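This report covers a two-chain model. Please have the sequence and the coordinates open while reading.

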Amino acid sequence: MKTYVVRRLLALIPVALVVATVAFVLIHLAPGDPASVIAGPYASAEDVQRLQHQLGLDQPLWIQLARWYGRLLRGDVGDSIFLRKPVLDAIADRVEPTLLLTVFATVVAVLIGVPAGIVSAHRHNTAADQTVMVLALVGISVPNFLLGLLLILFFSVQLGWFPVAGYSPLEYGWAKTLRSLVLPAFALGVVQSGLIARITRSAMLDVLREQFILAGRAKGLGEPALVYKHALKNAMIPTITIIGISFAILIGGAIVVETVFNIPGLGRLIISAVLRRDYPVIQGVVLCIAGVYMLINLAVDLSYPLFDPRVRYQ
Amino acid sequence: MSVIALPREAPAARTTPRWLVLLARRRTTLVGATLMVAVVAIGLGAPLFAGSPTHMDVAARLTPPNRAHWFGTDDVGRDVFSRVIHGARLSVLVGAAVVVFSFVVGVLSGLFAGHYPRLDNPIMRVMDGLMAFPAIVLAIALMASLGPSVVNVIIAIGVVYSPRVARVVRGSVLVIRETAYVEAGRALGASDLTLMGRHILPNCLSPVIVQGSFVFAAAVLTEAALSFLGVGVPPYVPSWGNTLSEGRLYIQQAPWLVLYPGAAIMLTIFALNLFGDGLRDLLDPKIRGLQTERQRAT
């Protein structure tokens, strides 16, 4: 197990290197050179030149790249051009709503998707199964931002149950925070539950065909024990994988849905940075999200033995 | 000298190809295909079905759906019906172009990575790196650098989805590379290019084609999301995402600004998913086998 963890961590290095390079390339892909972008449209030629030297942009590209890696290793992503503070501070200010929203949405997705998948598999080829599968396909086909708008239209505008938009930070009490996140979390979670339901269903179908289920049924085990205790346990691995992937996908989804509900999270941060061409912030947010994404995938892989003792890593 | 008589080529007995018959047999797939063809036809013939999507009739701004404006008008008096119809055109264009882009890049890199063990690691590590970003996040970041335009949206989404295609292709190539007929081809002295192009590629196409309908759906969705966020196609281009993004501000007074383009997106993605699912059951023998097994089991 230990060697496996080390090997997996080592395998992250080339991927992290590519991720860091992509973030580096972003600023160089942009039309015009970064210094004139940073200096703004009213800067003089000397100002731009000074800035170029200051930022090391007059060095050969490979030296710049090596310096970029060095800075990242020290955890330095630079300062925001527009906000005039370190990018990491800007991210820290905005991470709370995005994180809470992602977790809340994952909970919603799992609570809807997993039971739906189980019922669908258990009642395979019945009306219930077909209904769940059609709903799941509809769920997959609705963009989360659209569902967000529809939820606002129905629950906020028509019924007035929830605020139309906005976010109440944790410091004003968690109940208010939760209330402000209900609609966005459902917008994200319901869409994702479709995928979870489909995967859970096919994993359960595979298990329900196994001999031990037949044996259990033959010895007179009740259906609930059979399905929830014996079958579900064995369908855990694909389900856990898709839940982990869902969490990672939902981080990206949160970034979109934040715009719908005017939630001041990482999504608003990166979108306003794009509109202001604040490249250090874009790079910082992108790196931060990619890092979390990679760690989640690693955690999912490493968690398999917890759910299935037959899985042994060497 | 003896001559082996080769059987003469069988005359084409069936007029409709077998895969079409199989495809038509499943009702859901047929529904998906029909809807998909409808969206493509509407997109291609947009100017025939609707007037100008940019004509502003300021006197009639934010009018609810009526006989003159079937889907109502937006905040500057543009006809929403016409914007939705022309939005289909953009979505079809972006979807198709992204599929072509990601197929060219993905198939080539997957083929080379799978065929040459030496190239496998470098190519696939780059692909892994690109896949370490959530799709929408990478697309946003690329748009930040490339700037807003239709071509750049296609490039950004294409870069995001190429690695996914490459991974599928590589997986199939690794299997097919070991088959007897490839070995036979090599023994006969076929060049690498012949092997890859004539023997390996055609045999790993079915999962790629299935992937195509999903990439198309993802591209339509991502374009709408990017435009909705204001970092996609420029605001004057009629796009479902743009229309939604403008409509969001008037959601209380003019819900039709959200409902109609929203329905268009949903219907298109739903059709592509239905079609893709059917295609997968039909073309991917592995999954098809599993499914028949499943049916037998219950």
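Helix axes are lines fitted to C-alpha atoms over the stretch in contact, and angles between N-to-C directions run from 0 to 180 degrees. Helices are DSSP runs (H or I, at least four residues) and strands are E runs of at least two, numbered from the N terminus.

**Model and confidence**

This is a predicted model, in which local features need pLDDT of at least 70, side-chain atom pairs count only at pLDDT 80 or more, and totals for chains, interfaces and linings use all residues. Residues are numbered from 1 along each chain as its sequence is written, while chains are lettered from A and ligands numbered from 1 in the order in which they are written.

The model scores ipTM 0.85 and pTM 0.85. pLDDT is the predictor's confidence in each residue, from 0 to 100. Chain B has a mean pLDDT of 82, and 88% of its residues reach 70 or more. Residues 288-298 of chain B stay under 50 in pLDDT. For that stretch the model has six contacts beyond four places in sequence. Two residues are in contact if their C-beta atoms, placed from the backbone, lie within 7 Å. Where pLDDT is low, the predicted coordinates should not be read in detail.

**The two chains**

Chain A has 14 helices and zero strands. The C-alpha atoms of chain A fill a box of roughly 85 × 55 × 35 Å along the principal axes. Chain B has 13 helices and zero strands.

A residue is buried if 20 or more other C-beta atoms lie within 10 Å of its own, exposed if 12 or fewer, and partly exposed in between. By that count, 39% of the 314 residues of chain A are buried. For chain B, 47% of its 298 residues are buried.

Take the contacts between residues at least 6 apart in sequence. In chain A, 73% of them join residues at least 24 apart. In chain B, 68% of them do.

**Helix packing**

Two packed helices are described by the angle between their axes and the distance between the axes. A crossing is left-handed if the near helix is turned anticlockwise from the far one by less than a right angle, and right-handed if clockwise.

| Helix pair | Axis distance | Angle | Crossing |
|---|---|---|---|
| α2(B) and α12(B) | within 7 Å | roughly 135° | left-handed |
| α4(B) and α10(B) | 8 Å | about 130° | right-handed |
| α5(A) and α13(A) | within 9 Å | roughly 60° | right-handed |

Angles under 35 degrees count as roughly parallel, over 145 as roughly antiparallel, 65 to 115 as roughly perpendicular, and the rest as oblique. α2(B) and α12(B) are therefore oblique to each other.

By class, the contact of α4(B) with α10(B) has ten nonpolar, four polar and one charged residues.

In chain A, α5(A) is oblique to α13(A). V87(A), L88(A), A90(A) and I91(A) in α5(A) meet P280(A), V281(A), G284(A), V285(A) and C288(A) in α13(A). The contact of α5(A) with α13(A) has eight nonpolar, one polar and no charged residues.

**A closer look at A90(A)**

A90(A) lies in helix α5 of chain A. Is A90(A) buried or exposed? A90(A) counts as buried because it has 24 C-beta neighbours inside 10 Å. Leaving aside neighbours within four places in sequence, A90(A) is in contact with S80(A), L83(A), K85(A), L269(A) and V281(A).

**Where the chains meet**

The contact takes 41 residues from chain B and 44 residues from chain A. On the side of chain B, the elements that give two or more residues are α5, α6, α10, α11, α12 and α13. The largest share, nine residues, comes from α6(B). The residues on this side of chain B divide into 29 nonpolar, eight polar and four charged.

Notes: Nonpolar A, V, L, I, M, F, W, Y, C, P; charged D, E, K, R; others polar.
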